[in-house]
Amino acid sequence: MIEELEQILLQLTQPDNAIIQQATVQLKQAFKDPAVIPALCAVMSGSQNPEIRQSAAVMLRLRVKKHWNKISPNDRESLKAVVLQAFSLEAEHKVQHSLSQLCAMMVKHETPDRWPALLQLLNQSTKSANPHDRRVGLLLLNKVIESNPEPFKPHYCQLLHLFSTVLQDYSNPAALYYCILTLTAITAYTGTEEMKEMRAIIPSLILALKHLIKADETQAIEAMEVLIELMEIEVSIIVPHIADIVRFCLEVGSDTTLSDSLRVKALSCITFLIKLKSNSVLKLKLLNPILQSIFPILTAAPPPGEQDPEDEEDDGGDPNDSDNPKHGAAQMIDTMALHMPPDKLFHQLVPLTQACLSSENPYQKKGGLMCLAVLAEGCADYIRSKMLSSVLQTVCQSLSDSNRVVRSAALFALGQFSEYLQPEVSKYCAELMPLLLGYLTSLNEAKIGHVTKAFYALENFMENLGSDIEPYLPTLMETMLSALRNAEDLKIKELAVSAIGAIANAAKELLVPYFPPVIESLKGFLIATTEEMRPLQNQSLDTLSVLARMIGKEVFSPLAAECIQLGLNLTDTIDDPDLRRCTYGLYSAVSTVSPESLIPHLTAITTVMQLALKSNEGITAHLDEDKTFVLLDDDDDDNGNNAGGKTDEDFLEDDSEADIHDVAGFSVENAYIDEKEDACEALGEIALSTGVAFQPFLESSFQQVFEMRDFPHEDVRRAALGALGQFCQAQHKVWTENRTETNHQALMKLMDVVLPCFVETVRMDRERPVVMGVLEAMNAMIKSCKEEVFRNPSHLKEISNVIRDVLKKKTACQDSSTDEVDDEEQQAEFDAMLQEFAGEGIPLVTASVPAEKFAPYLNDLMPLIMSKAKSSCTVADRSFSLGTIGEILHALVNVSGGRGVAGRLSNRLLPVLVAGVKDSDAEVRNNSVFGLGCLAQAAGPLVVSDYPMMLSVFSNMLGKESDLRVIDNLCAALCRMIMSNVDAVPLEQVVTALATHLPLKEDQEENQTVFNCLTMLYKHNPVLVVKLIKPIVAASSHVVGHKDVDKETQSTVVSLMKELAHKHGAEFQAAAASLPAEQQAKLGAAVTSS
């Protein structure tokens, strides 16, 4: 059989498919003979041809992997002996590699303790005096440990001892390489007893990496992963060595003689460290050395005659897309902005950035603009409040620079500012729009890459303009419609379609006149079938989704059914994840305006989306050298059942534990990740929009989405968790419409799964955006499901405690090293934002449970909120703190027991709120005034002794305040005091002062408070109201028919006016007569309406 096997394996290496297929059939037959194991062993040890020896080792490994239990004990023992002997004698590296993998597979079944000969061989070879033996021994050690690190735990200390020697074996780079890979493999499993040894190894590890870089850059890139692994798994090991690691990575990242990939890897290590330990980086004074090293990378000119990838002609993408050192440097600054306190960062950054921007060198200028651009997301508040006009001036000047490289960078920066610095950026509309429109006049002559950047800036800028876009609409839409009709280049059409979506976001119903020609064009694009139309079709679907949400139900509903059909037709004929993803967005948008048109298609739509979540498509397994043989082992089982015919997907699903080590790695195409993310988001929104019609699909959708909650990619996790919250809201809506026991049980069951999952994610997930997303989903769920969330008594405790943990920075995604609490006042804006999401939950919980039940938790949470109101805190923190206190008090007004709890809190809160009304920032003053009013309303008679002091504070403010929103809130606060305790207020003075400040100018929501109060006053003291009838009638005429005032408030106003007109006709007529004609007519119509 040995010669026969050797012959078959030889045929498998031939370049002829027919021969290979024939050999495969013969091999499957041979595998049915129990003697195949000894025969393969003989070939593996004895064949003269290294390729055949390697194939035999691979065949044996596949046999061991799938059928170890069917191999007789005798064959197992002889296999263990033969493989070690073959390994010791083998001279060919690739055969050694396959033999070491065979050993690794056997170790998965036979723990190391049951294979003492293996441990003995490892011990001898790794300590051998012969460098070749050491290298081969370390290869074997690496493979067996990587395949199954845990059983080797008892030997870790001994291994670390060995590594500390091997890491100094500089003349043997392959030994260094295998040693570092093995260290990477055990890092996740080390415990406290190995910590000391691990820490001691780090200096040698850095030196070893330096030597490996000189010997083999590709291996060095892989070996540097050890630093990422150490940071991620056990950051405390590297804390004493942070400065050395940073210096080493900066040296590598700055060395232009090294490959781009290696430099990028080194820079990404520092970026990862900043994300995890920004406080340590600042403490160790490493920020300045890092910036000094990366600015030259950021501003480097490309080699003569070349361009940076993002400036090349065919590139229209985000300048951050290309994987090069310049991008690595920009990404690092981006990460600093997201994870460091802005004050500390800007102090070091501004001088460097200014030097770049004032240089004559275009690449220096470009670097400065790129730096400003990537700061916008993480330091938005800081830039908006401290330096917006100066950075915009810089960008405007750069937009008209003579060099295209500078103009392109300025467009990118403007796009970033427009995305992150809203709403303040929009105030510069008059300066920026003409510049941006200037770029569009030369659409057809310009270079496509440049046009793409102009569109990026224009879209982000326009999207948030709201009705301010109106003066520019004719020019914009003429340009876009002309591009749709006439542009030769499909890319230009695609950009125009995308821009129409952005315009619709701002213009909303103002776009109606342009709707018919836009829809005609989009429909035309969507029925094409050629491949090159695909990007344009995807964009058309996205823009159609925006139009559905923005243009108004009346205009869009007639087209809803046709749009869904267009989407279904496309996905029936074209198999493309991007296209499917865009149809999910369309269905989701249509469900919000015309759910009835979606309902007939729910079966088809949910099936496609659930398949997208289930699918492994786009996940590629990178197999090691034996990829050719993967399907050869799909042999028939011994009992004759056919297990063959597996697809690659089955191979992946088969037994992920066992398969994972055949696979050198997985990569998932971005399109499939995006598709999963969008499928989750769409399922959640469609469930919420279609209500009871979605019930047949709720359970299956829930199961598929729930599976995605710990998907490796953070965007998918975030979307899945958000959808789980929406499924709960959807079920709650079904129950409120039909309160059966079955519906209620289903709701309770969902919440009992989802809430613990939310709480666990907030505590354990390392990614802030995921945690923010979950807090937002939890808040939305509490807001709509209210007390039902807390039917299970454990939920109140879990939710309150997890909010407390975020406020105390105790979760996995918050860098809260115990020794760094002294910097309490300063943190990154995103860390503050995370705490805001948690804080927003407190008033929502307050409004959902009886006050006495929540009081013990509220007592714990209050000091954490109040600590952010100190004058040393940032404006954002002070505003958040006082706003949250106000909302909590507002929630206590309407819950049982709220008055008692508000009364008990009043002594702690009054001083904080009174200090807040004197703040230099208008929003902080506004929130404090709102809070004082709500305190009076919630605590009522319990704070009556504080009324004189509060009235005196408000009276002083009314005299001095210039901010219109604050004045509106002062009026509302006085009304709350009156309604809560009418006898404690000197009405004549207070109501007269109130009337002179009506109508409300900015905060239209507070009209509800003001007119409820005036209605109550009319019943309590009609004489006073009639005395002030003129300003009250004038204020009412502003509220009636106002688009920002809700129906309920409007009807309160109209009832009061009817009452006054009926009982005090003459006074009412006289007051109305002094109004402008239009307001008289409006009021007259309202009063005479039935």
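Tutor: C269 is buried, with a relative accessible area of 1% (buried means under 20%, exposed over 50%, partly exposed in between, with a 1.4 Å probe and protein chains only). This is a predicted model, in which local features need pLDDT of at least 70 and side-chain atom pairs count only at pLDDT 80 or more, while totals for chains, interfaces and linings use all residues. Residues are numbered from 1 along each chain as its sequence is written, and side-chain values use heavy atoms, with hydrogens and water left out.

The structure has zero disulfides, a disulfide being a pair of cysteine sulfur atoms within 2.5 Å. For C269, which is in no disulfide, the nearest cysteine sulfur belongs to C249, 4.6 Å away. C379 is likewise in no disulfide; its nearest cysteine sulfur, that of C371, lies 9.8 Å away. C379 also counts as buried, at 0% relative accessibility.

Now the wider chain. Its mean pLDDT (the predictor's confidence in each residue, from 0 to 100) is 90, and 93% of the residues reach 70 or more. Over residues 621–666, pLDDT stays under 50, and the model has 89 contacts (heavy atoms within 4.5 Å) beyond four places in sequence for them. Residues 818–823 also stay under 50, with seven such contacts.

An automatic or database assignment sets the domain bounds: domain 1 is 149–238, domain 2 is 851–997 and domain 3 is 1016–1089. The centres of domain 2 and domain 3, taken over C-alpha atoms, are 29 Å apart. Nine residues from domain 2 and eight residues from domain 3 make the contact. Between these two domains about 750 Å² is buried, and carbon and sulfur atoms give 80% of it; buried area is the accessible area (1.4 Å probe) that two parts lose on being put together, summed over both. In domain 2, E988, V991 and A995 lose the most area to domain 3, together 47% of what that side buries.

One salt bridge crosses the interface of domain 2 and domain 3, by the rule of a side-chain nitrogen of Lys or Arg within 4 Å of a carboxyl oxygen of Asp or Glu. The side chains of E988 and K1027 meet in a salt bridge at 2.3 Å, N to O.
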